[in-house]
Amino acid sequence: MRETLSLTINGASRQVERGTTVAAAMLLAEQPCRISVTGGPRTALCGMGICFECRAVVNGVPHRRTCQLLCEQDMAVETNP
Amino acid sequence: MTRTEVLVVGAGPAGIAAATAAAEKRRSVIVLDDNPSAGGQIWRGATVGGPRRADTQRQRAIERLQRSGAHLLAGRCVFSADASGTVQTFEETASGSVAEEFRFQQLVLATGARERFLPFPGWTLPGVFGAGGLQALVKGGYPVAGKRVVVAGTGPLLLAVAAHLAKDGAVVSSVLEQATLAQLAAFAASLWEDPAKLVQAARFRAKLWKTSYRTGCWVVEAIAATAGPRLAAVRVTDGARTWIERCDLLACGYHLVPNTELAALVGCRFQGSFVQVDDAQRTSVPNIFCAGEPTGIAGLDAALVQGEIAGLACTRRSDASLQKRAAKEHAFADRMEKAFALRPELHSLPRPDTIVCRCEDVRYDSLRGHTGWTDAKLQTRCGMGPCQGRVCGPAIEHLLGWRPVSVRQPLFPVPLEALCFHDGTTEMSKSNEPIEEKA
């Protein structure tokens with residue numbers, strides 16, 4: 001049995017399978033992880049914690065590397081401005 | 001602060017082998033890794049989905065590590081170290097960031113490698129990933145079933161990634177390898193000396209019978225959808241002809257570059273881009289060893305044998321049969337480097353307005369006229385964002401020939417709150433994972 005959990009991504013409620021990384025959840029939700037300094041939307045590139053493109057605001061804490069972070073129940077994730 | 005005899009940084013194959021070898025000889029061993037679990041990149045396990053066909057080699061190695069008595073501490077990002085015997089990490093927990101300090105007698109650097117990225121027009125679009133990058137995200141729960149994917153770049157990783165994506169239901173329309181057929185044929189012929197690697201390559205290819213595998217081809221542009229900033233197609237060339245392939249996702253990486261920042265910080269001597277080691281994996285710094293990709297991009301088998309050599313060397317032991325295997329794998333690394341050497345046309349991938357430094361959005365044209373890193377950093381902020389040049393550094397070395405100038409701590413951006421607790425032994429006791437303090 002696959003266990004799901006729910007979190008919000010940019011305010012919208014999402015269900016994901018337990019074990020999903022926050023970066024993967026943001027890709028599923030088609031939301032950018034961050035907005036670049038010239039305003040472009042960015043999503044994860046390297047998937048291994050090196051490139052910092054996947055950093056987002058998690059439970060109010062900015063610049064979390066979402067590819068290294070697993071989703072948790074009731075987590076609130078937002079695009080890093 | 002936690003003391004250990006042997007401290008290993010990196011829980012990929014090299015780090016696991018080193019830690020296991022040292023712990024089995026009754027040394028106290030701690031292994032630190034930035035990722036949420038052990039395995040490194042090549043043995044990255046899927047965190048979602050039901051049980052899959054287990055990678056038995058990985059499973060056995062991790063079980064043996066657990067039995068050895070070595071302590072694995074995952075989620076620890078090493079941001080500072082000094083050769084006299086300390087390493088500092090931070091861990092991001094639900095309640096905030098926690099710094100920890102470790103004291104070692106011997107240190108094994110098993111920091112692995114990352115993908116080399118080359119900037120091309122459109123490479124910052126959502127839908128464009130590293131090759132290993134997309135694979136890692138899929139293992140982290142991003143479903144690719146039904147998605148049309150182009151895999152491109154160079155290196156043996158491309159076939160492995162394509163096979164993995166296809167198994168997950170992606171429609172891998174092409175694998176585009178920039179190396180020429182002649183280069184690859186010479187490499188493949190050399191694999192007869194190493195049948196296990198040949199069988200693995202053949203297995204990957206067999207899983208991709210619906211996919212076109214083209215050599216001497218590369219992606220020159222990622223094209224955005226008319227509806228908005230997301231990938232819709234790639235422009236591909238073979239040097240003579242250019243065409244467009246529609247795709248939802250692009251997985252593009254140009255082989256690997258070693259993670260050597262920590263080795264540079266503690267003052268290890270380098271040989272070219274790699275950490276110089278002797279036949280016991282000793283670096284130029286006393287009591288600091290290095291194993292796996294930072295000593296040369298040689299893959300899994302080399303990492304395992306070098307790791308074991310380093311782990312034994314920490315206990316002042318050696319094994320002649322391991323040395324022989326290490327020499328063989330070293331020759332494999334040299335052949336791989338030749339086979340996947342970057343073609344000169346890739347120097348002209350970026351256009352003047354192509355972003356080279358993704359952290360600071362520095363365009364290629366703003367780098368022209370600068371003589372090197374120091375100048376460019378001061379004038380453009382290139383390489384000064386959170387990745388600290390890990391992505392643009394190797395790209396710029398390829399494009400402009402600039403070698404990195406210096407490495408400084410912190411090696412990764414550290415939250416200030418973590419530094420406030422610096423050296424706080426009380427913080428250690430809050431950690432979920434009790435560690436025996438072995439003085």
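**Exercise 1.** Leaving aside its neighbours within four places in sequence, which residues is A:Thr4 in contact with? Work it out on this predicted model.

*Solution.* Start by finding A:Thr4: it sits in strand S1 of chain A, which covers residues 4-9. Now skip the neighbours within four places in sequence, and you're left with A:Gln15, A:Val16, A:Glu17 and A:Arg18 as its contacts.

**Exercise 2.** Why does A:Thr4 count as partly exposed?

*Solution.* First, count the other C-beta atoms within 10 Å of A:Thr4's own: there are 13.

**Exercise 3.** Describe the side of chain A that touches chain B.

*Solution.* Begin with the totals: 31 residues of chain A are in contact with 30 residues of chain B. Then see which elements of chain A give two or more residues to that side: strand S2 (12-17), helix H1 (22-28) and strand S4 (41-42). H1(A) has the largest share, with four residues. Finally, sort the side by class: 17 nonpolar, 10 polar and four charged residues.

**Exercise 4.** How many residues of domain 1 of chain B are in contact with domain 2 of chain B?

*Solution.* Across the boundary, eight residues of domain 1 are in contact with eight of domain 2. On the domain 1 side, those are three nonpolar, three polar and two charged residues.

Terms used. Residues numbered from 1 in each chain as written. Chains lettered and ligands numbered in written order. Predicted model: local features only at pLDDT ≥ 70, side-chain atom pairs only at ≥ 80, totals over all residues. Buried ≥ 20, exposed ≤ 12 C-beta atoms within 10 Å, placed from the backbone. Contact = placed C-beta atoms within 7 Å. Nonpolar A, V, L, I, M, F, W, Y, C, P; charged D, E, K, R; others polar.
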